[in-house]
Amino acid sequence: MAGGAASGGSASTDTYKEARNWLLLPAWVYLGVFVLIPVIMMLVYSFLTKEFRGGVVWEFSTAAYDQFFFDRGLFGDEPAKIEWTYITIFWRSIWQAAAATLLALAIGFPTAYFIATRPERARPMWVFLITIPYWVNLLIRTVSMKFMLRDTGPLNDVLIGIGLINDPISIINTNFAVQLGLFYSYLPFMVLPIYASVERYNFSLSEAAADLYASKWVTLRRILLPAVKPGVIAGCILVFVPSMGSFLAPDLLGGAKNFMIGSLIEEQFKGNAGNWPFGAAASMVLLSMVLIILMIFARQQAKAEKEVS
Amino acid sequence: MTNLLKSSVAALALVTVASAAAADGKVVVYHWFEYMPQELVDKFTADTGIEVVMDTYDSNEAMLASLKAGGMGTYDVSVPGDYMVKIMASAGMLDTIAEGELANKGSISAEWADPSFDPGRQHSVPYQWGSTSFAVNRDVFVGDINNTDILFNPPAELQGKINVLDSQGEVMAMAALHMGIPQCTSDRDQLKALNAMLLSAKESWVSFNSDTAKEVLVSGDAAAGMIYDGFSAKARAEGANVEYAFPTQGYIAWMDNVVLLKDAPNRENALKFMDFLLVPENAAQLTNWTQYASGVEGVAPLLDEALRTLPEANPQNGAGQAVFIEACSEEVQAVYDTIWTNLKK
Amino acid sequence: MRRSKYDIKSLPGFFGITILCLFILYAPLVVVTVYSLNDSNSITNWEGVSLRWYVDVFSGHESQKFKIAAWNSFTIAIIAATVATTIATLAATAMVRGGKFKLRTVSFGLISLPLMVPEIVLAVATLIFFNSVGFTRGYATILIAHIAFCIPFAYLPISARMQGIDDSYEQAAQDLYATKRQAFTRILLPMMIPGIISGYLLAFIVSLDDFIITNFVKGAGVETLPTAIFGSVKQGIKPNIMAISTMLLGVSVILVTISYFVSKTDNKK
């Protein structure tokens, strides 16, 4: 009747089936009007002609997508080849975002787990402890991080001081600095969902497993992890997606020598390029990629639910 | 009785007129953040009774994007840079100032009264101007720095330690000066050479940073970097042993201007605001605060002593010409965009 | 003892990693605080201790602007997080406890849409939308845009939490003749609290820190803290920004301490 209790909690039920439409209505209306319609307007823009230095002219054109996918040389009149430039930029952003997500997971999961296993009274305090730094503006924190990672900065001073290295290691303006910056920007987005998930976990299940002489790690792997998977997935999404579109950390910590997707698009709307349809087209490509990834996840989850029931 | 009636009507009329005048007394200014001292704003309100409502942007391009996406009609004036004035004028975003509407127009310095980006000053008045070049840390390099080779073909000591501004306009203009080709040239060979030169120069660069252009010089992350004159002076004040360069090939001049926007809701007050800034006393107060240079005549004797003797304000003999960044035509701009993307991909 | 060997609550190394995590989070803040006491104008050169920047924040010529900006930021964040969390909770209930329905995947897509669209695109798209509708830009437009992008941030932790709650409690309640509404408010909602709080906090932070979207949809004269700080940075980063940041930190520390004591007394009941 309850279904799936042994797996630590059912993934989906239909207790409120009747009220479902009413419950979803606020979200649908609000997001439909203030997000979906603007995004559709953007889609339309990607098929318009660009107005010089910003804006659009209401004439249909596929020039934006053409510029994205095809390389026609410096002057736009050579035979079309595949345009690798933007694919490179996208790939770089994806890779950075993935690295940042893994880093966040490696540090965020144990942290969330630790907090969730503290005595109940102490937990809110720990959660606040994690979120307090985010009250300070991101730009300031990133600049401070830049200061710390510099060749002459505190981090290198400490490492040299304790004798680990002899010459300062150059972290700033490298890819690693960017990943560190992204990880730093979005860490609570990994910790909080996992915390919420683990906190709900029924630890008596683990005790039952312990009674059966299962070791800690086996318990962790076989019982706990599947149960907190929703939280982990939520955390990964919340870190990965914004990291892909981010440009603050890459610019300040990576030296801005390479475009990320975010800086590429920003340049179209705020830079000299002023090519709005192209910015819209690049955004549409980004959006489609993310949608596909999410749909794959959603389908996997649906499959997992089917297996459980 | 009649006298009482007459005087009360007169009083009422006076009050009505006065309150009406105060009611529409505001001017909406779209400005850079912290580019105008509060004392000057207060002085304007005290002098004219007009309230100043200020909104801010952080780059010329952001301002343009915002106005294009529907900001027209909400602001009276904004403060774009030189090339942006030209762009806005061609896009029909600026209102024309008729002859005689600006009482103090004559105070504009002769050299800035007829600039290439706004002939005859039909839409704008000068706000502040300065130069953009680069500064070199004298502790790292002691040779001749008045040459754009420092940026594009650097000596060994500076390789890997150069910061350039993260701005297409400035970098391309400097590159054009370095190669001796006209800005916004449409000659294909010149453009190809420009592309190649930039790509090879990039290997000596450590970063593209505009916001922290001063910080990287002070902290030593960069030993040379493109920088605005004002920031170079500030870097030196913070302890960096930097010297500002005036390359023989030329360098960039910039000028921020107050423009009258089309469909300004408070056009009268906007003109009064512009007039106010052209009074030498006010211009001097502004300049002493921002530490750049003014385009108004008669300001020099009112400036702080330290400001007058700044090395950044005094190019040496034999220095190249200071040129404004030019806004390119659509076809050339497309090529420039491609070159910039190539540079940053 | 058998207990400690099998007690999954204390996994080795997790405490250490948590401390490392906190260290990474707070180290740059130490830098910020230290430099807010810097006597010079620079943020890289140290010239002695001084409280003058704190004085400057309250009485300097930009102080009024920063105060108003801070007020705007906080009120917008509180309202946006509240509305977004409410909408998200209702939506999560429908998605997780509403059974399978055809529009489920699409609904999930819509809810996460603000997250997937790059901020700059959402910013320009929203601005264009407001203008085509004739909505004058100002405080309200910022609030509306913030609520929209806060919804997915609130939604994800809430939904994750709800998925982990077995519905047997609500079933049991209904077996005992509770109505659906009672099952929801008396059983499900209390168990959801950590998830709701997580969602609220995330939404709050995201709104407080937002720059790009706010910059595009704000009207004349309305600043939030991030736009004020970003704009100020264009004129060079000065320690007064560090002072403001340190004070924000102080405020949040005080709030945490208060809530800790509140929860302590609460548990005594």
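Which backbone oxygen does the side chain of His123(B) reach? In this predicted model, the side chain of His123(B) comes to 3.1 Å from the backbone oxygen of Asp95(B). Features described locally need pLDDT of at least 70 and side-chain atom pairs count only at pLDDT 80 or more, whereas totals for chains, interfaces and linings use all residues; side-chain values use heavy atoms, without hydrogens or water. Residues are numbered from 1 along each chain as its sequence is written, and chains are lettered from A and ligands numbered from 1 in the order in which they are written.

His123(B) sits in the loop between H4 and E4 of chain B. Helices (H or I, at least four residues) and strands (E, at least two) are DSSP runs, numbered from the N terminus. His123(B) counts as buried, at 12% relative accessibility. Here buried means under 20% relative accessible area, exposed over 50%, and partly exposed in between (1.4 Å probe, protein chains only). Residues up to four places away in sequence aside, His123(B) touches Asp95(B) and several others, among them Leu94(B), Thr96(B), Val258(B) and Met274(B). Contact is taken as heavy atoms within 4.5 Å.

Asp95(B) also takes part in a salt bridge, with Arg267(B) as its partner. The closest N and O atoms of this pair are 2.8 Å apart. A salt bridge requires a side-chain nitrogen of Lys or Arg within 4 Å of a carboxyl oxygen of Asp or Glu. Asp95(B) lies in the loop between helix H4 (82–90) and strand E4 (124–137) of chain B, and Arg267(B) in helix H10 (residues 267–277) of chain B, so the pair ties together parts that are 172 residues apart in sequence. Asp95(B) is buried at 17% relative accessibility. Arg267(B) is partly exposed at 25%. Asp95(B), Glu101(B) and Arg267(B) are linked in a network of salt bridges.

Another salt bridge in chain B joins the side chains of Arg138(B) and Glu243(B) at 2.8 Å, N to O. Arg138(B) lies in the loop between E4 and helix H5 (149–152) of chain B, and Glu243(B) in strand E8 (residues 242–244) of chain B, so this pair ties together parts that are 105 residues apart in sequence. Glu243(B) is partly exposed, with a relative accessible area of 33%.

Over all chains, a search of the whole structure gives eight salt bridges. One of them pairs the side chains of Arg141(A) and Asp209(C), at 3.3 Å from N to O. Arg141(A) belongs to helix H5 (residues 138–149) of chain A and Asp209(C) to helix H9 (residues 180–209) of chain C, so the pair joins two chains. Arg141(A) is buried, with a relative accessible area of 1%. Asp209(C) is also buried, at 17%.

The interface of chain A and chain C holds one salt bridge by this rule. Five residue pairs across the interface of chain A and chain C are in polar contact, both residues being at pLDDT 80 or more. A polar contact is a pair of N or O atoms within 3.5 Å; within protein, one must be able to donate a hydrogen and the other to accept it, and residues adjacent in sequence count only if both atoms are side-chain atoms. The area buried between chain A and chain C is about 10800 Å², with 76% from carbon and sulfur atoms. Buried area is the accessible area (1.4 Å probe) that two parts lose on being put together, summed over both.

Between chain A and chain B, 31 residues of chain A are in contact with 40 residues of chain B. The area buried between chain A and chain B is about 3100 Å², and carbon and sulfur atoms give 55% of this. The count between chain A and chain B is zero salt bridges. One residue pair is in polar contact across the interface of chain A and chain B, both at pLDDT 80 or more.
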